[in-house]
Amino acid sequence: MARGKYTVNEVEERTGVPATTLRQWERRYGVPKPERSESGYRLYSDDDVTDIKAIKAHVDDGVPASRAAQIVGRNPSDQRGPRPLCDLKGELVAALVDLDDGHADRVVAEAHTLYPVEDVVIDLFQPVMVELGTLWHDGVVNTTTEHFASSYINGRLRQLMSLSGSNRSGHGVIVACAPHDQHELGALVLAVLLRRSGYQVYFIGANTPVEDLADMARTVRPVAVMISASSIDSVHHLMNKRNHLQGIAPLLVLGGNGFNTDPRRAELVGGRYLAASGADAVERFHDLVRETIGTEAAVRR
Ligand code: B12
């Protein structure tokens with residue numbers, strides 16, 4: 001019988017431990033061990049909540065989280081478990097820097113065997129891209145290596161989009177990047193998470209002119225237009241075109257690094273900011289859609 005009954009937000013409220021930390025503990029130490037709902041969301045049991053409170057009490061007393069998790073007794077360090085995603089991340093970065101896509105495929109296959117899709121996307125693909133992008137920004141790897149890696153991760157994410165299937169009866173959401181913004185992967189991660197939650201996602205991708213986006217929204221009538229801006233420049237491009245964004249859809253949601261660094265910018269553009277991480281943003285988005293549309297129909301949770 002399923003024991004999981006609390007969502008991550010409810011557990012955050014009950015224990016005072018932020019959702020991001022809960023996911024980190026699970027990933028790194030194997031505690032807590034939430035079940036997954038049909039659509040992949042974490043559901044925590046009463047035992048999980050007790051464990052989390054116990055770990056928190058130790059951490060508040062100055063015990064490192066890794067040690068606290070051991071004390072709670074579920075993750076003896078001398079026991080060999082599946083390789084954590086942070087280990088797989090290092091190996092995937094190395095494979096991509098070596099331009100060895102066969103090796104990369106094997107690492108990704110291992111990750112998919114061991115972990116749910118959401119974890120692979122958020123805790124493997126996302127940090128791998130940040131690391132490779134940073135190596136490029138710092139001049140450590142050249143543009144061909146960065147393009148090879150971006151294109152590899154892009155392909156994997158698009159594959160997950162197709163495998164998740166299109167839900168023609170789900171609420172429509174357009175996901176695009178701000179004008180002149182080539183940082184496509186954050187938007188693509190968001191699109192995968194939304195599609196796996198049952199939305200009808202139209203992924204447009206990099207460098208999207210706002211006027212064209214408004215035209216498209218008039219045709220497909222989505223519940224939301226979601227725009228990713230990875231830099232301040234991208235936020236400014238949106239600000240300059242904000243009159244085209246007014247009333248574009250019942251919800252205009254803005255995110256990405258350009259807003260994460262100062263969420264108040266979203267209001268200046270006329271949209272809503274939800275969260276810095278795609279996973280948290282999608283969780284909040286469900287509530288927003290429900291408040292706006294007043295029904296849960298067609299949003300699988
Ligand atoms: C990879 C990368 C690149 C790659 C992009 C590859 C690609 N095809 O996407 C390349 C090498 C091409 C690149 C180019 C440039 N980059 Co760059 N890049 C990065 C890097 C390292 C990682 C971005 C990434 O892919 N993250 C992984 C994704 C999955 O995460 P994410 O984008 O944060 O998205 C998540 C959340 O933010 C959220 N989210 C994202 N969008 C949205 C939207 C909505 C609606 C919601 C709800 C949520 C949401 O959900 C996502 C999933 O969790 C960042 C630094 C960083 N640490 O973020 C710099 C960074 C974004 N780049 C930067 C810059 C300056 C550039 C260049 C201008 C550099 C140059 N001199 O040419 C060019 C710009 C090109 C252009 N016109 O856009 C700056 C921006 C600075 C600023 N604040 O203005 C950053 C922050 C680096 C830095 N610290 O200086 N870059």
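This is a predicted model: local features need pLDDT of at least 70, side-chain atom pairs count only at pLDDT 80 or more; totals for chains, interfaces and linings use all residues.
The ligand carries a cobalt atom, which is coordinated by His137 and His183. Each histidine contributes its NE2 atom. The site of the cobalt atom is octahedral, with six donor atoms. Angles among these donors run from 81 to 173 degrees. The two histidines come from distant parts of the chain, 46 residues apart. His137 belongs to helix H7 (residues 117-137). His183 sits in the loop between strand S3 (172-177) and helix H9 (185-196). Accessibility was computed for both residues. His137 has a relative accessible area of 57%, over the 50% cut-off, and therefore counts as exposed. His183, at 43%, is partly exposed.

Helix H7 also holds Trp136. This residue is partly exposed, with a relative accessible area of 34%. Beyond its neighbours within four places in sequence, Trp136 is in contact with Val141, Asn142, Thr143 and Glu146. Glu146 is ten residues from Trp136 in sequence. Their C-alpha atoms are 6.3 Å apart.

A further contact joins helix H5 (residues 85-97) and helix H8 (residues 143-164). Their axes are 9 Å apart and form an angle of about 125 degrees. H5 is therefore oblique to H8. On the H5 side, the contact is made by Leu92, Leu96 and Val97. H8 supplies Thr145, Phe148, Ala149, Tyr152 and Ile153. By class, seven of the contact residues are nonpolar and one is polar. No charged residues take part.

Methods
Residues are numbered from 1 along each chain as its sequence is written. Side-chain values use heavy atoms; hydrogens and water are left out. Axes are lines fitted to C-alpha atoms, for helices over the stretch in contact, and angles run from 0 to 180 degrees between N-to-C directions. Helices (H or I, at least four residues) and strands (E, at least two) are DSSP runs, numbered from the N terminus. Angles under 35 degrees count as roughly parallel, over 145 as roughly antiparallel, 65 to 115 as roughly perpendicular and the rest as oblique. Contact means heavy atoms within 4.5 Å. Ala, Val, Leu, Ile, Met, Phe, Trp, Tyr, Cys and Pro count as nonpolar, Asp, Glu, Lys and Arg as charged, and the others, Gly among them, as polar. Donors are N, O and S atoms within 2.8 Å of the metal (3.2 Å for Na, K and Ca); water is not among the atoms, so sites may look incomplete. Four donors count as tetrahedral if all angles lie between 85 and 135 degrees; four count as square planar and six as octahedral if opposite donors are over 155 degrees apart and all others between 65 and 115; anything else is irregular. Buried means under 20% relative accessible area, exposed over 50%, partly exposed in between (1.4 Å probe, protein chains only).
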